[in-house]
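User: I've got a model open and want a quick walk through the geometry. Can you take my questions as they come?

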Protein chains: 2
Amino acid sequence: MSETRFDVVGIGNAIVDVLAHANDQFINENNLIKGTMSLVDEETAQSVYGKMGPGIECSGGSAANTIAALASLGSKGAFIGKVRDDQLGEVFRHDITALGITFETEAARNGASTARCMIHVTPDAQRTMQTFLGACVDLGPDDIDEEIITAAAVTYLEGYLWDPDHAKQAFRKAAKAAEQAGRQVALSLSDPFCVDRHRDDFLDLVKNHVNVVFANEEEVMSLYQVENFDEALQLVRADCDIAALTRSEKGSVIVRGDEVHIVDAEPADPVVDTTGAGDAYAAGFLHGLTTGKPLDVCARLGGIAAAEVISHVGARPDASLKELAEKKLL
Amino acid sequence: MSETRFDVVGIGNAIVDVLAHANDQFINENNLIKGTMSLVDEETAQSVYGKMGPGIECSGGSAANTIAALASLGSKGAFIGKVRDDQLGEVFRHDITALGITFETEAARNGASTARCMIHVTPDAQRTMQTFLGACVDLGPDDIDEEIITAAAVTYLEGYLWDPDHAKQAFRKAAKAAEQAGRQVALSLSDPFCVDRHRDDFLDLVKNHVNVVFANEEEVMSLYQVENFDEALQLVRADCDIAALTRSEKGSVIVRGDEVHIVDAEPADPVVDTTGAGDAYAAGFLHGLTTGKPLDVCARLGGIAAAEVISHVGARPDASLKELAEKKLL
């Protein structure tokens, strides 16, 4: 296999987050389901924004958060995703390139504005998200640079990318290029409702095209339409090379064939905002995997990254994950 | 005197902050003076932004921060300032109106984009700011709604407003309207270099038009071009009705004629980011003043508000200052 220039290339929706505190009443009054992501059109986005309290803006997007956390761990990353040539698009581009991440996808020059995810953070540190996909719907196969894909040890795809229709083809093209180059393909199932929207496709991906799947309990149970975690565990281990299943404060479970690891969560005190916990976990895990660590250490790295991200507002690490991991794994 | 609809109307530069961590080397290499604000043109702003690490965006602006903190204390506020009709302008408008603050200044439809302040937060929690004034230079006398000024107990002006040339006239018009209506005028000196740029005007304002002046040690010493705080204290008390002088961890000193209070700082642990400390102090103080509290209590309220704001990243309160003040002043 030829040498790799990147540890991981992430492909996902390029999104700027708008985070604000909200109470449970807000979640109920707006018919939201706590802890999940729903898609909204621009009009609804405007109306929801008008009801939100004062917020902070920061770059987000699931796969982009993962690549950002990988950079904080010392991994070399690239990102593919679509912004517009507007102020928020510039913010997104600045933040990801400032981390040393290669991001060469051209901004859209017309059409919808850069995607925004309105994140309502409730006092229990849970986050409920409403995403206006905006320019993300313009990501297509032409945006997939096969040279970057084949130059990366792992191509990491977020399930959310299945929502914009055109992006699906980009997703498939990238997965195919990675497979052909003998690289690994990793997939995050993203959200139980996202799984629900695309179950058949996701099952096909997990069975036939993906080497590593990331899912939390709800997502993997939704994938197999089963009522308990253990049942889903037995099904996914038969379908996929490696499954990394996260269970919030119960830690994570990793399976690869007969190998099974049950790894406790890292302590996080206080838990302030769980936005990006899964993204950070995937980063820690992939950092371990691409540096040749055993699976239980990969899981611990995932937990360490997640614990950092949930200890403050915002989905990307605030401290150096590299230093944190070195300290914790001593 | 007729009834007031607002406790305080703030007039200032309408700015979106871009905050990022920086080290001392960054400050030195860019020839910045730690703890101060410098003005940059759009080209420099772009170049500096390119060198900054990943950031978060949130609404800022000195007087706007003060009005935001006043809202958090339960005061009724209004704000006058100029954004453009762009994405960051919308963010600014959303955040301030979401707090229940009246903000009716029309956005500019052309010209420079919404102002941005790039804030470099060093590990010692100090902030060093570079401001691109953008649309703020379009604030003019026509934007001063005299009905709002006369309907407010206090008109609060930030010294920074003296930088955009046209805004100066807006500033004077507002101060005059407030005086004529028998309202109070408060002024923050903003920054030692800002004082340096406009010393004669500021001296005239302090002597002849302002009832309450807010300044930190460096600013009041710069105003009178003296080398020590006590000297400046003697000079300012002769010039101004009330002077509220802040001294960081040494607390604050309040003078009104023969009345002098020396009030300790509130404990803040950890100190994360001092951005907005002075703005929050002014809010606490003005909240006390407009609710008829004695000056020492006004100073304590200032300290409580400042301590909250420096305990996290960002210049506006994250917690309810009203609840905090009630708890602390018990």
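User: Is Gln225(B) buried or exposed?
Analyst: Exposed. This is a predicted model, and in it Gln225(B) has 12 other C-beta atoms within 10 Å. The cut-off for exposed is 12 or fewer, so Gln225(B) falls in that class.

User: Where is Gln225(B) in the fold?
Analyst: In a loop of chain B, between helix H9 (217–224) and helix H10 (229–239).

User: And what is the phi of Gln225(B)?
Analyst: Near 50°. That is a positive value, and the residue is not a glycine.

User: Why flag that?
Analyst: Most residues other than glycine have a negative phi.

User: What about Ala125(A), what is its phi?
Analyst: Ala125(A) has a positive phi of about 75°, and it is not a glycine either. Ala125(A) sits in the loop between strand S7 (115–121) and strand S8 (127–132) of chain A. It counts as partly exposed, with 17 C-beta neighbours inside 10 Å.

User: Where does Pro270(A) lie?
Analyst: In the loop between S14 and helix H11 (277–290) of chain A. Pro270(B) is in the loop between strand S14 (259–263) and helix H11 (277–290) of chain B.

User: Switching to the whole chain. How many helices and strands in chain A?
Analyst: 13 helices and 14 strands. The radius of gyration is 18 Å, close to the 20 Å that the globule rule gives for 330 residues. So chain A is as compact as a globular protein of that length.

User: What box do the C-alpha atoms of chain A fill?
Analyst: Roughly 50 × 40 × 40 Å along the principal axes. Of the 330 residues of chain A, 57% count as buried.

User: What share of the contacts in chain A joins residues at least 24 apart?
Analyst: 77%, among contacts between residues at least 6 apart in sequence.

User: Now the sheet. What is the strand order in chain A?
Analyst: S6-S5-S1-S9-S10-S11-S12-S13-S14, 9 strands in an open sheet with mixed pairing. S6 (102–103) and S14 stand at the edges of it. Each has a single partner strand, so one side of each is left without a neighbour in the sheet.

User: Mixed how? In what sense do S9 and S10 of chain A pair?
Analyst: Parallel. Strand S9 (residues 152–158) and strand S10 (residues 184–188) of chain A pair over 5 bridges. In S10(A), Val185(A) is the bridge partner of Thr155(A).

User: And in what sense do S13 and S14 of chain A pair?
Analyst: Antiparallel. Strand S13 (residues 252–256) and strand S14 (residues 259–263) of chain A pair over 5 bridges. Ser252(A) has Val263(A) as its bridge partner in S14(A).

User: What about the turn in the hairpin of S13(A) and S14(A)?
Analyst: There are 2 residues between the strands. Gly257(A) takes a positive phi near 55° in that hairpin.

User: On to the core. Which residues touch the most other members of the largest nonpolar core?
Analyst: Val213(A), Val213(B) and Ala305(B), in a core of 229 residues.

User: What is Ala305(B) in contact with?
Analyst: Leaving aside neighbours within four places in sequence, its contacts include Ala69(B), Leu73(B), Tyr281(B), Pro317(B) and Leu321(B).

User: Last topic, the two chains. What rotation superposes chain B on chain A?
Analyst: 180°, with 0.0 Å of shift along the axis and an RMSD of 0.0 Å. The two copies are thus related as by a two-fold rotation axis.

User: Which residue of chain B comes closest to the rotation axis?
Analyst: Glu57(B), with its C-alpha at 2.4 Å.

User: Why say the copies meet through the same surface?
Analyst: Because 100% of the interface residues of chain B are also interface residues in chain A.

How values were computed:
Residues numbered from 1 in each chain as written. Chains lettered and ligands numbered in written order. Predicted model: local features only at pLDDT ≥ 70, side-chain atom pairs only at ≥ 80, totals over all residues. Least-squares fit on C-alpha atoms with pLDDT ≥ 70 in both. Contact = placed C-beta atoms within 7 Å. Core = buried A, V, L, I, M, F, W, Y, C linked by C-beta atoms within 7 Å. Buried ≥ 20, exposed ≤ 12 C-beta atoms within 10 Å, placed from the backbone. Pairing = 2+ DSSP bridges. Helix = DSSP H or I, 4+ residues; strand = E, 2+ residues; numbered from the N terminus. Rg over C-alpha atoms; globule rule 2.2 N^0.38 Å.
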